[in-house]
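This briefing is intended for a reader who has the model open alongside the text. Please consult the sequence and structure shown here before reading the notes.

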Amino acid sequence: MAATIGIVFTNKAIFDDPSFKLMQTSFASFHFVCTGLTLYMVSRPQIAAFVPKRAGLVEMLPLALAMCLNVVLPNLSLAFSTVTVYQLARVLLTPMTAIINYVFFQQTIPRLAALVLIPVCAGVGITSYYDMQTPSADRKVATTSTIGIFFALSGVCASAAYTVLIGAYHKKLQMSSSQLLFNQAPIASVMLLFAVPVMDKIPDFAVVPMSRWMMILMSGGFASLINISQFFIVNSSGPVTSTVVGHLKTISIVSIGWAVSGRGVTDRSALGVLMTVGGILG
């Protein structure tokens, strides 16, 4: 939980720096390197969290591309949105995945579960709308831009497609999530490096303060801790505990993000937050 909360607010601080706001592909590539190194370390016999299993390069390209979009688009959302909107938008991953599974695979979910998703979607919409409005009485309140909403929704679509694709690859290659990720991360990192000259606006590194470099290293460290912790949560405590921890992360990030945004409890976007969180708990 600490690593997840830490990475969100550290990344937000990095992206608030104009020099790094348009460095998304480089940043994602760096995180994939951290992920690959972490998986390599925990797969060694001394730890043996999982047994590596190799897949063909060409075979992994579609999944690696989806992985890139799954990271770059949400990062862009975080760069142009408040933390609250960024995190609440990620909750839409569940209904979007359900829609994709229904449209393409005719898979359904229980009616009660579908009804619970209605206030979740409505809550995200309400929060996003009012988060784009700056209260006239206070211009220091953090807001979300229209492009931030676009990237948030695009990121949800990319993440949902990635989630469905992972399920297909699980069945096709008979691999665990860690084995798939171990194959994807290096490929995705190299793919993004080819996009850096086109997509990124490279800053003058000579004028970047040391504090910003420290934040980037912290972000990589948090990413590694998240990957490592997931192994032990699922293996030692089971998927139910993993789900509960995920909900606690969401509520914690939304609460802290709201606290630092400068908005008060009477702000109308608070209704959307309560509706979304209520749907998650339901």
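The model is a predicted one. Its protein chain contains 11 helices and zero strands, and 48% of the 282 residues are buried.

**Overall fold**

- Read from the N terminus, the elements of the protein chain follow the order α-α-α-α-α-α-α-α-α-α-α.
- Among contacts in the protein chain with a separation of 6 or more, 83% are between residues 24 or more positions apart.

**Annotated spans**

- An unreviewed UniProt entry assigns the feature "transmembrane region" to residues 22-43, 55-73, 85-105, 112-130, 142-168, 180-199 and 211-234.
- One of these annotated spans, residues 85-105, is 90% helix and 0% strand, with its end C-alpha atoms 30 Å apart.
- Another annotated span, residues 112-130, is 100% helix and 0% strand, and its end C-alpha atoms lie 28 Å apart.

**Helix H3**

- Helix H3 comprises 24 residues and extends 34 Å from its first C-alpha to its last, close to the 34 Å expected at 1.5 Å a residue.
- A bend of about 30° occurs in H3 at Leu 63.

**Aromatic pairs**

- The structure contains five aromatic pairs.
- Phe 80, Phe 150 and Phe 151 are joined into a cluster by ring pairs.

**Charges over rings**

- Phe 80, a member of that cluster, also has the charged end of Lys 21 over its ring, 4.7 Å from the ring centre.
- The charged end of Lys 172 is placed over the ring of Tyr 169, at 5.5 Å from the centre of that ring.

**Ser 77**

- Ser 77 belongs to helix H3 and is buried, with a relative accessibility of 1%.
- When neighbours within four places in sequence are set aside, Ser 77 contacts Tyr 86, Gly 148, Phe 151 and Ala 152.
- Phe 151, one of these contacts, is also part of the phenylalanine cluster with Phe 80 and Phe 150.

**Ser 159**

- Ser 159 is located in helix H7 (residues 146-173), and its relative accessibility of 2% places it among the buried residues.
- Apart from neighbours within four places in sequence, Ser 159 is in contact with Asn 70, Pro 74, Arg 90 and Leu 93.
- The C-alpha atoms of Ser 159 and Thr 94 are separated by 9.8 Å, although these residues are 65 residues apart along the chain.

Methods:
Residues numbered from 1 in each chain as written. Predicted model: local features only at pLDDT ≥ 70, side-chain atom pairs only at ≥ 80, totals over all residues. Heavy atoms only, no water. UniProt positions renumbered as here; feature names shortened; annotations may be inferred. Helix = DSSP H or I, 4+ residues; strand = E, 2+ residues; numbered from the N terminus. Phe/Tyr/Trp six-rings, centres within 6.5 Å; stacked < 30°, edge-to-face > 60°. Lys NZ or Arg CZ within 6 Å of the ring centre and 35° of its normal. Buried < 20%, exposed > 50% of the residue type's maximum accessible area, 1.4 Å probe, protein only. Contact = heavy atoms within 4.5 Å. Expected span 1.5 Å × (residues − 1). Bend = angle between axes of the 7 residues up to and from the residue.
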